[in-house]
Amino acid sequence: MTQKELLYVEDAINHEKNIIAYCKDLTESLEDEQLVTFIEKEIKKHESMEQKLTKLLEDMSNEWSNING
C-alpha cells in the first residue's frame, strides 16, 4: 500500500469517528424512540467500519515494518 493510500485510510478512520460522534450527539436530542433505534444501528455500522479500517491500517503497518525492519 502506498503512502497516499495509507493516508486515505487514516482519513476514512477519522471520518468514521466524526460520524459516530455526530450520531451519538444526535441521539441525545431525539425524542422519537424509532429514530433513536435507527441512529443507534447506524452508529454500530460505523463503529464496525472504523474497526475494519483500523485493522487494515495496523496490518499494513506491520507488513511495512516487516519489509523494512
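The model is predicted. Its chain holds two helices and zero strands.

**Overall form**

The C-alpha trace spans about 55 × 15 × 15 Å along the principal axes of the chain. The radius of gyration is 16 Å, whereas a compact globule of 69 residues would have one near 11 Å. Contacts with a separation of 6 or more were also sorted by sequence distance: 63% of them join residues 24 or more positions apart.

**Surface and charge**

Of the 69 residues, 23% count as buried. The accessible surface comes to about 5600 Å². Carbon and sulfur atoms supply 53% of that surface. The side chains include 8 positive and 16 negative ones. The centres of these two sets lie 5 Å apart.

| Property of the chain | Value |
|---|---|
| Radius of gyration | 16 Å |
| Buried residues | 23% of 69 residues |
| Accessible surface | about 5600 Å² |
| Distance between the centres of positive and negative side chains | 5 Å |

**Glu 42**

Where does Glu 42 sit? Its place is in helix H2, which runs over residues 33-68.

Is Glu 42 buried or exposed? Glu 42 has a relative accessible area of 18%. Buried means under 20%, so Glu 42 counts as buried.

The side chain of Glu 42 also has a polar partner. It makes a polar contact with the side chain of Lys 45, at 3.1 Å.

Methods. Residues are numbered from 1 along each chain as its sequence is written. This is a predicted model: local features need pLDDT of at least 70, side-chain atom pairs count only at pLDDT 80 or more; totals for chains, interfaces and linings use all residues. Side-chain values use heavy atoms; hydrogens and water are left out. Helices (H or I, at least four residues) and strands (E, at least two) are DSSP runs, numbered from the N terminus. The radius of gyration is taken over C-alpha atoms; the globule rule is 2.2 Å times the number of residues to the power 0.38. Buried means under 20% relative accessible area, exposed over 50%, partly exposed in between (1.4 Å probe, protein chains only). Contact means heavy atoms within 4.5 Å. Accessible areas come from the Shrake-Rupley method with a 1.4 Å probe; for residues, only the protein chains shown count as cover. Lys and Arg count as positive and Asp and Glu as negative; His and the chain ends are not counted. The place of a charge is taken as NZ of Lys, CZ of Arg, CG of Asp or CD of Glu. A polar contact is a pair of N or O atoms within 3.5 Å; within protein, one must be able to donate a hydrogen and the other to accept it, and residues adjacent in sequence count only if both atoms are side-chain atoms.
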